Every structure is written in C-alpha cells, then in structure tokens.
Amino acid sequence: MAYIWCEKNDAVGSWLAGLTPGCPVYLDTEFMRERTYWPELALVQVHDGQDIRLIDTTKITPQVLAPLFMNHTLVMHACSEDLEAIASFTGAYPAAIEDTQIAAALSGEDMQLGYQKIVQMLLGVELPKGATRTNWLKRPLSQEQLHYAEDDVKYLPEVTRLLRERLAGLGRLDWWREECERLLGQASREEQPEEAWRGVKGAGLLPDEARAVLSVLAPWRNRMARERNLPKSFVIKDAQLLDLARARRADRGMLADVGLHPKSIRRDGDALMALIEEGHSVAPPPPLPGPPDAREKKLAKTLRGKVGQIADEVGLKPDVLMRRRWLESLIRHPERVPEPLTGWREDVITKPLLELL
C-alpha cells in the first residue's frame with residue numbers, strides 16, 4: 001500500500017469532508033520534545049480503511065486537522081503521549097479513542113506489549129526498528145522515516161480486528177471501552193497546582209517547613225515551564241528545588257550556592273526569593289505516604305497472592321488487574337477505593353480483596 005503525502009490544507013480538508021461521519025480512523029503520530037515543555041507534533045499517520053495518509057503538521061494548520069480528532073474514534077497503540085501531542089497541536093484532546101495496547105492486555109497479553117511485537121505475534125510480520133530515534137521536524141524526511149511512519153498504521157486495522165474478535169469472545173469489549181475512556185480522562189485532566197510538589201523527586205524526604213516551601217516553588221516552576229515552553233528541568237532542576245526548599249535564608253548568594261545559573265538568577269531571582277519567603281509562612285501539605293509497615297507488608301503479600309490466583313483464573317497478567325500503588329492505597333484506606341478499581345474491576349478483583357481486609 002502506497003501512502004499519500006499531505007501538506008496542503010485544501011487537500012486535507014477535502015479528504016476529511018469525504019469521510020463517513022463518526023467512522024474510526026487508525027492513527028499514529030511523530031513528535032519531538034527534547035527541549036520543549038509541549039510536544040511538537042511533526043507528522044500524523046492516518047489509515048482510513050482504504051488509504052494511508054502522512055500528514056505534515058509543520059504545514060497543515062490545526063484548525064483544518066482538528067475535525068479528524070474530534071469527529072472520529074482514533075484507534076492507536078499505546079497512545080498516552082500521542083494524546084498530549086494532539087492536544088498541544090489543536091488545543092483539545094480527542095473525543096474518543098481505542099487503544100490496541102489496552103485491548104491486547106485485556107485479552108491476556110503483557111500490559112506493555114509494543115506495536116512491533118503485536119504485529120509479529122498476530123500477523124507474522126517483522127517490522128524494522130529503523131527510525132525510532134530521529135528528528136521528525138527536519139524536512140525533507142528520509143525514505144527510511146517515511147516507510148517507518150507508514151508501517152506504524154499499515155497493519156493497525158487488521159490488528160484491531162483480531163483483538164476486537166478476541167475481546168468479543170471473552171465478553172470484554174465493555175472493559176476495553178471503559179479503560180480507553182479512563183486513559184483519555186487521565187490524559188486530559190488538568191494539573192492541580194497544589195499537587196505539583198508531589199512530582200519532585202525526593203519531596204517525600206523533606207521535613208514540614210521545607211515541604212511547605214516546596215509546595216509554593218513547584219507550581220511556579222511548572223507554570224514557568226509551560227509559559228516558556230521549556231522542560232521543567234531547564235527552569236530549575238529537582239535537586240535545586242529541594243535545596244531551595246531547605247534553605248534557611250533567601251538571598252542571591254544562596255541562589256548561586258544551589259547552582260542556579262547567573263542568567264537564571266537575574267531573570268528569576270526576585271520571584272524565587274519572594275516565593276521562599278511565602279513558603280515559610282504557609283502550612284505544609286500532608287506528607288507523602290511512608291513505606292509500608294510490617295502489618296501492611298504482610299497483608300500486601302497475602303493480597304498479591306489473591307491477585308495472582310484471580311489473574312490465572314481470568315487469563316490476565318496480574319499487573320493488568322492490580323498496580324502496586326492501587327494495592328497499597330487499598331490496604332491503607334479500604335474505605336476509599338481507587339477509581340481504577342471501580343467499574344469492571346470491582347467484581348473481578350476489588351470485592352474479593354476487600355473481603356480479606
């Protein structure tokens with residue numbers, strides 16, 4: 001199957017106008033994110049059931065391409081990062097998705113099964129790895145890049161058909177729909193500023209006063225990263241944030257002592273010193289949960305055994321049924337069931353575990 005290269009708005013608009021409303025499209029993206037906060041969408045590969053189009057998003061405007069994402073179910077493989085790239089390009093997350101990695105997991109395969117492996121497993125086709133690490137924004141794209149991009153969607157309709165048949169035979173199509181809706185909801189959920197400090201590596205080791213300062217610094221760092229379109233570590237590294245949070249004073253000498261570049265101090269010094277002062281006057285957020293105690297470890301071992309037993313019975317990998325953090329949360333707060341343990345998991349795994357708590 002030969003691909004169609006698309007770099008004209010009119011051609012893309014005419015193609016989209018001719019698609020059956022609501023029909024699924026099989027899609028992948030290529031993007032770059034090495035030196036930016038927001039992923040830069042470079043290419044969208046679309047199989048509409050008949051043809052493959054490689055859409056050059058360095059030339060196509062977001063307004064023209066947005067109906068593709070909003071008016072059709074996007075069938076993708078391991079699509080969490082693709083969703084963010086699409087949202088960065090158009091300003092909105094897609095309306096509906098079907099993720100074939102999730103479908104494979106719900107049919108009994110490994111949770112992180114890659115596209116190349118699943119194509120080989122289901123279709124017996126070996127895909128080259130070639131252009132996985134490449135500059136997708138540079139033009140012109142090489143023949144190797146173009147064929148790699150084409151392969152990413154060439155086999156997706158057949159893979160989807162086979163997985164859908166598996167899930168239908170197992171009575172799990174509703175499970176798949178639920179998990180895809182959950183993934184889309186998680187991807188589109190806005191970051192809460194008051195939770196930003198939790199994402200700083202080492203935050204759980206800070207004492208109360210330093211944690212209070214970090215709770216003020218971390219949202220500022222994240223906001224600056226978004227506004228400047230830079231990785232968070234390009235604004236301030238995690239280790240430097242921790243040093244600032246622990247600091248007993250707020251002056252430019254201290255900013256230099258923690259390793260901030262002179263340019264960063266000139267630009268952000270006043271703001272950082274004010275934030276540190278503010279942090280010393282606010283109440284610290286509750287600490288992160290500590291490691292499990294002896295009772296919790298013993299209970300976790302018992303529950304993991306039950307998870308393994310049920311996983312064998314239903315033909316799923318244990319980590320598809322239960323993640324470690326969900327189990328720890330369930331043990332500590334059985335009255336607050338984590339959201340992923342509702343829905344189809346409630347009867348399959350949650351209720352049997354709660355009976356043991």
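Reader: How many helices and strands does the secondary structure of the chain come to?

Author: Happy to start there: the chain has 17 helices and 6 strands. Please keep in mind that this is a predicted model. Along the principal axes, its C-alpha atoms fill a box of roughly 65 × 55 × 35 Å, and buried residues make up 45% of the 357 residues.

Reader: What makes strand 2 and strand 5 a pair?

Author: Two strands pair if there are at least two bridges between them. Strand 2 (residues 25–32) and strand 5 (residues 73–76) are joined by 2 bridges, so they meet that definition. The two strands run parallel, and Y26 has V75 of strand 5 as its bridge partner.

Reader: How do you know that strand 5 pairs with strand 6?

Author: The same test works here: at least two bridges are needed, and 4 bridges join strand 5 to strand 6 (residues 96–99), so this is a pair too. These strands also run parallel. Opposite V75 stands E98 of strand 6. Between strand 5 and strand 6 the chain passes through helix 3 (residues 80–90), in a β-α-β crossover that is right-handed.

Reader: Why is A78 called partly exposed?

Author: Buried means under 20% relative accessible area and exposed means over 50%. A78 has a relative accessibility of 30%, so it falls in between and counts as partly exposed. You will find A78 in the loop between strand 5 and helix 3.

Reader: Which residues does A78 touch, leaving out those up to four places away in sequence?

Author: A78 touches D99 and Q101. As for V125, which is 47 residues from A78 along the chain, the C-alpha atoms of the two are separated by 19 Å.

Reader: What makes the buried residues of helix 16 lie on the same side?

Author: In helix 16 (residues 324–332), the buried residues are W326, L327, L330 and I331. They cover an arc of only 135° around the axis, which puts them on the same side of helix 16. The face turned away from that buried side carries R324 and R325, which are exposed. Covering the buried residues of helix 16 are, among others, helix 14 (294–314), helix 15 (318–321) and helix 17 (344–354).

Reader: How do you know that the buried residues of helix 17 line one face?

Author: Helix 17 has W344, R345, V348, I349, T350, P352 and L353 as its buried residues. Seen down the axis of helix 17, they fall within an arc of 165°, so they line one face of the helix. These buried residues pack against helix 4, helix 8, helix 14, helix 15 and helix 16.

Reader: What share of the contacts between residues at least 6 apart in sequence join residues at least 24 apart?

Author: That share is 65% in this chain. One example of a contact has already come up, A78 with D99 and Q101.

Conventions: Residues numbered from 1 in each chain as written. Predicted model: local features only at pLDDT ≥ 70, side-chain atom pairs only at ≥ 80, totals over all residues. Heavy atoms only, no water. Right-handed = clockwise from strand over helix to strand, strands pointing away. Buried < 20%, exposed > 50% of the residue type's maximum accessible area, 1.4 Å probe, protein only. Arc of directions from axis to C-beta. Contact = heavy atoms within 4.5 Å.
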